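I open this notebook to record what I looked up in one structure. The entries are grouped by topic.

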Amino acid sequence: PPGAPKLMPMEQREDVVIVGAGVIGLASALALLESGRSVRVIDAGRVGGGSSHGNCGTITPSHAPPLAAPGVVLRALRWMLTPDAPLYVAPRFDPALWSWLLRFAVRCNDRDWRSSARAKSAILNDSRDRLADWVRDYDLACEFAHSGEDYVFRDPHEFEHFQEEVGFLRELGVRVDVVDGGTYELMEPALKPGVAGAIRFDGDAVLRPDRYVGELARVVRARGGTIIEHCAFTGVRDEEGGVRVSTAQGDVAAREMVMALGAWSPKLADAIGAPALKGAIQPGKGYSITYSTPSRVPRRPLVLRERQVCVTAWESGFRLGSTMEFSGYDDTLNPRRLAALERGASEYLHEPHGAQKQEQWFGWRPMSCDDVPIIGRVPGNERVIVATGHGMMGVSMSAATGQLVADLVAGRRPDLDPAPYALERFS
């Protein structure tokens with residue numbers, strides 16, 4: 001009728017519209033399709049164009065301990081005058097950031113650290129096993145390998161200090177081995193002499209994240225899902241029997257909506273009636289550099305602990321990544337922070353990079369103030385589900401998040417207890 005909202009040219013009403021075609025949105029789409037739902041994914045950009053693209057691709061139950069740990073606040077304050085520090089807060093007037101940092105600081109105690117670690121561990125362990133099944137069952141060509149991962153230390157004090165966490169990690173079901181420096185240098189000839197020791201995690205894995213996201217999109221389409229790129233979400237409202245999702249290309253009718261917008265979630269919190277997201281998430285900027293493969297590469301993914309640099313070698317390339325920068329939505333590629341990755345790698349590796357630099361990248365990770373993802377229905381807007389706040393663990397947590405979203409939509413008992421991830425914890 002005249003004056004009615006324009007509907008997109010679509011064949012039928014969808015069961016679920018997913019906003020966001022990154023790793024979380026596409027994993028949710030796949031799990032929903034497998035549970036018998038019809039799915040349409042929309043994204044303001046392109047498939048995998050956000051933080052899914054350029055991370056180091058490690059699948060890490062070992063990374064359960066959260067960033068909000070005792071001592072982190074003092075370290076961050078010391079690093080504020082060091083722009084290439086592993087954790088950097090750009091000095092500026094930003095009330096939203098300082099409010100988030102205060103909430104983060106309150107959780108930097110042993111009790112909350114352990115609570116967040118248990119919540120992260122549950123979803124990481126579930127996702128690790130589920131993702132391996134997906135790679136096998138859907139024939140995902142993403143260079144997946146049961147690689148394990150190693151933390152490498154050059155400072156004996158740092159090595160000794162980290163061992164205090166080993167017992168707790170084992171309580172969480174993480175397979176941990178502690179290796180002295182001399183033994184580890186024999187095991188890993190890619191490293192320069194001077195290793196104090198290493199912590200080895202045999203249960204971790206690795207994949208190439210851009211290829212993983214591309215493969216998820218392929219399988220979603222093959223199973224009848226629709227993906228629309230360059231279609232920005234603008235709002236959602238209830239209507240009889242469902243919701244009407246407004247986009248730059250018109251409206252979409254659906255029974256339910258999933259918002260998987262990562263670091264952009266606070267920007268659109270009011271549009272879904274979830275103002276709590278604005279205080280719960282900040283964009284944490286990460287960087288990576290991808291090279292051609294050097295002649296001598298580590299046998300397993302590494303974290304160079306004192307410099308917080310992740311090193312990953314695939315058959316198709318070699319990547320240095322990490323760092324955490326809180327600078328809002330600044331969209332510049334900071335050469336100082338890229339250089340810090342190379343300097344850090346050169347301290348540890350005989351060949352810290354390949355001959356050809358293939359890509360320099362940054363992306364904004366959705367950092368929740370307790371470093372635990374936010375997955376669940378929006379209070380007061382029950383037909384909208386959020387799946388965001390995965391921090392640096394989006395790829396690692398993707399398969400479990402997708403399944404939890406599908407279980408919530410289906411109204412069945414999830415394998416994971418959904419309570420630790422609910423948005424209500426920030427109300």
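**Basis.** I am working with a predicted model, in which local features need pLDDT of at least 70, side-chain atom pairs count only at pLDDT 80 or more, and totals for chains, interfaces and linings use all residues. Residues are numbered from 1 along each chain as its sequence is written, and side-chain values use heavy atoms, with hydrogens and water left out.

**Cysteines.** I looked first for disulfides, that is, pairs of cysteine sulfur atoms within 2.5 Å. The count by this rule is zero. Cys56 is in no disulfide, and the nearest cysteine sulfur, in Cys310, is 3.6 Å away. I noted Cys56 as buried (under 20% relative accessible area, with exposed over 50% and partly exposed in between, for a 1.4 Å probe and protein chains only); its relative accessible area is 8%.

How far is the sulfur of Cys108 from the closest cysteine sulfur? The distance is 11 Å, to Cys369, which is too far for a bond. Cys108 is buried at 16% relative accessibility.

I then turned to Cys369, in the loop between strand E17 (357-368) and strand E18 (374-378); helices (H or I, at least four residues) and strands (E, at least two) are DSSP runs, numbered from the N terminus. Cys369 is buried, with a relative accessible area of 2%. Neighbours within four places in sequence aside, its contacts (heavy atoms within 4.5 Å) include Ala68, Trp100, Phe104 and Phe426. Cys369 and Asp330 lie 39 residues apart in sequence, and their C-alpha atoms are 20 Å apart in space.

**Cores.** A nonpolar core is a set of buried Ala, Val, Leu, Ile, Met, Phe, Trp, Tyr and Cys residues joined through side-chain atoms within 4.5 Å. The largest one has 114 residues, and Trp134, Tyr212, Met257, Ile272 and Leu277 have the most contacts inside it. Another core, of 23 residues, lies apart from it, with Tyr184, Ala198, Leu302 and Leu338 among them. I also listed partners of Trp134 beyond four places in sequence, including Ala27, Leu30, Tyr212 and Ala399.

**Helix H10.** Does the span of H10 follow from its length, or what else does it show? I found that its 14 residues (335-348) should span 20 Å at 1.5 Å a residue, and that the end C-alpha atoms are 21 Å apart, which agrees; the expected span is 1.5 Å times one less than the number of residues. The buried residues of H10 are Arg337, Leu338, Ala340, Leu341, Gly344, Ala345 and Tyr348. They sit on the same side of H10, because they cover an arc of only 150° around the axis, taken from the directions from the helix axis to the C-beta atoms. At the start of H10, a side-chain oxygen of Asn334 comes within 2.9 Å of the backbone nitrogen of Arg336.

**Val311.** Val311 belongs to strand E15 (residues 309-314) and is buried at 1% relative accessibility. Beyond four places in sequence, it touches residues including Pro298, Leu302, Phe318 and Leu349. Its C-alpha atom is separated by 8.7 Å from that of Arg300, eleven residues apart along the chain.

**Thr401.** I placed Thr401 in helix H11 (residues 394-410). Thr401 is buried, with a relative accessible area of 0%. Its side chain joins that of His390 in a polar contact of 3.0 Å. Such a contact is a pair of N or O atoms within 3.5 Å; within protein, one must be able to donate a hydrogen and the other to accept it, and residues adjacent in sequence count only if both atoms are side-chain atoms.
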